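Here's a quick briefing on how the inside of this protein is packed. Have the coordinates open while you read, and follow along one spot at a time.

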Amino acid sequence: MDRAQKTELVAELNRTFSEVGVVVVTRNLGLTVAQSTQLRNKMRDAGATYKVSKNKLAKIALDGTDYLSLGDLLTGPVGLATSIDPVAAAKVAVDFAKTNDKFEIVGGAMGATALDVDGVKALATLPSLDELRAKIVGLLVAPATKLATITQAPAAQLARVLSAYAEKEAA
C-alpha cells in the first residue's frame with residue numbers, strides 16, 4: 001500500500017467516524033473467508049458495515065472525531081463494525097460472537113461515550129431505530145382506531161335494533 005492509498009484510506013475512515021452513531025471494535029482470530037463474508041452480509045443487511053484496517057491508520061483517522069477513546073482498543077487483529085443506527089452494528093456483532101468463538105468483542109464507543117464489552121452487549125439488547133419508529137406509529141394510530149370503533153358502535157347498535165324490530169314485525 002503506497003502513501004496515496006494510505007492517505008485515501010485515512011480520509012475514508014475519518015469520514016466514516018464522523019458520520020456513524022456507533023463503532024464496535026472486534027477481534028477476529030482466525031475467521032475463515034466464508035465466516036467473514038457471512039458477517040459482512042449480516043452487517044450489510046442490518047445497515048451497518050464491517051471493515052478491517054491497519055491499526056495505525058485507524059488511530060490517525062480517529063483524530064478530530066468523537067471516537068478518540070477507541071485508540072487504546074486498536075491493538076492486534078481488530079475489525080471495526082460501524083452503523084448510523086446506534087444499535088445495528090452492536091446487535092449483529094453480539095449475535096455473531098455468540099455463534100463463533102473466533103470472533104470476540106473488545107469494546108466500542110457511541111460518540112464520545114466509550115463502551116466496554118458489557119456496554120456493547122447492553123446496547124445490542126435495545127430495540128433498533130426502525131423498531132422504535134414502528135412502536136411510535138403504533139401508539140399514534142391506536143387512539144384513532146379506538147375513536148373510529150367508538151363512533152361506529154352507536155350506528156351499529158341502532159342498525160341492530162331496527163333489524164330486530166323489522167324481524168319482530170315480520171314474524
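**Around serine 53**

Once you skip its neighbours within four places in sequence, serine 53 is in contact with Leu13, Ala58, Val78 and Leu80. Keep in mind that this is a predicted model. Serine 53 itself sits in the loop between β2 and α3. With a relative accessible area of 16%, serine 53 counts as buried, because the cut-off for that label is under 20%.

- Glycine 79 has its place in strand β3, and its relative accessible area of 0% makes it buried.
- Not counting residues up to four places away in sequence, glycine 79 touches Val24, Val25, Thr26, Asn28, Tyr50, Lys51 and Val52.
- If you want a distance to check, glycine 79 and alanine 112 are 19 Å apart in space, C-alpha to C-alpha, and 33 residues apart in sequence.
- Threonine 82 is also found in strand β3, which covers residues 78–83.
- Is threonine 82 buried or exposed? It's buried, at a relative accessible area of 5%.
- The side chains of threonine 82 and threonine 49 are joined by a polar contact of 2.6 Å.
- Leaving aside neighbours within four places in sequence, threonine 82 is in contact with Thr16, Val20, Val22, Val23, Ala48, Thr49 and Ala89.

- The largest cavity has a volume of about 30 Å³.
- Its lining is made up of Leu13, Thr16, Thr49, Lys51, Leu80 and Thr82, and the elements giving two or more residues to that lining are α1, β2 and β3.
- Some of these names have come up already: Thr49 and Thr82, both in the lining, are the two residues joined by the 2.6 Å polar contact, while Leu13 and Leu80 in the lining are contacts of serine 53.

**Nonpolar cores**

- The largest nonpolar core has 21 residues, and the members touching the most other members are Val24, Leu39, Met43, Phe103 and Val120.
- Elements that give two or more residues to this core are β1 (22–28), α2 (33–46), β2 (48–52), α4 (88–99), β4 (103–110) and α5 (117–125).
- Which element gives the most to this core? That's α4, with six residues.
- A second, separate core has 17 residues, including Tyr67, Leu74, Leu80 and Ala109.
- Back in the largest core, phenylalanine 103 is one of the members that touch the most others. Leaving aside neighbours within four places in sequence, phenylalanine 103 is in contact with Thr26, Arg27, Asn28, Leu31, Leu39, Tyr50, Ala93, Phe96 and Ala97.

**Aromatic pairs**

- Searching the whole structure gives three aromatic pairs.
- One of them is phenylalanine 17 with tyrosine 67: the ring centres are 6.2 Å apart and the planes are at 45°, so the pair is tilted.
- This pair links distant parts of the chain, 50 residues apart: phenylalanine 17 is in helix α1 (residues 3–19), and tyrosine 67 is in the loop between α3 (55–62) and β3.
- Both phenylalanine 17 and tyrosine 67 are buried.
- Elsewhere, Tyr50, Phe96 and Phe103 are linked into a cluster by ring pairs. Tyr50 and Phe96 are also among the contacts of phenylalanine 103.

Methods:
Residues are numbered from 1 along each chain as its sequence is written. This is a predicted model: local features need pLDDT of at least 70, side-chain atom pairs count only at pLDDT 80 or more; totals for chains, interfaces and linings use all residues. Side-chain values use heavy atoms; hydrogens and water are left out. Helices (H or I, at least four residues) and strands (E, at least two) are DSSP runs, numbered from the N terminus. Buried means under 20% relative accessible area, exposed over 50%, partly exposed in between (1.4 Å probe, protein chains only). A polar contact is a pair of N or O atoms within 3.5 Å; within protein, one must be able to donate a hydrogen and the other to accept it, and residues adjacent in sequence count only if both atoms are side-chain atoms. Contact means heavy atoms within 4.5 Å. A nonpolar core is a set of buried Ala, Val, Leu, Ile, Met, Phe, Trp, Tyr and Cys residues joined through side-chain atoms within 4.5 Å. Rings of Phe, Tyr and Trp (its six-membered ring) pair if their centres lie within 6.5 Å; planes under 30 degrees apart count as stacked, over 60 as edge-to-face and the rest as tilted. On a 1 Å grid over the protein atoms alone, a cavity is a set of points where a 1.4 Å probe fits but cannot get out, and a pocket is an open set with protein on both sides within 12 Å along at least five of seven lines; lining residues have an atom within 4 Å of a point. Grid points are joined across faces, edges and corners, and a volume is the space filled by probe spheres set on the points.
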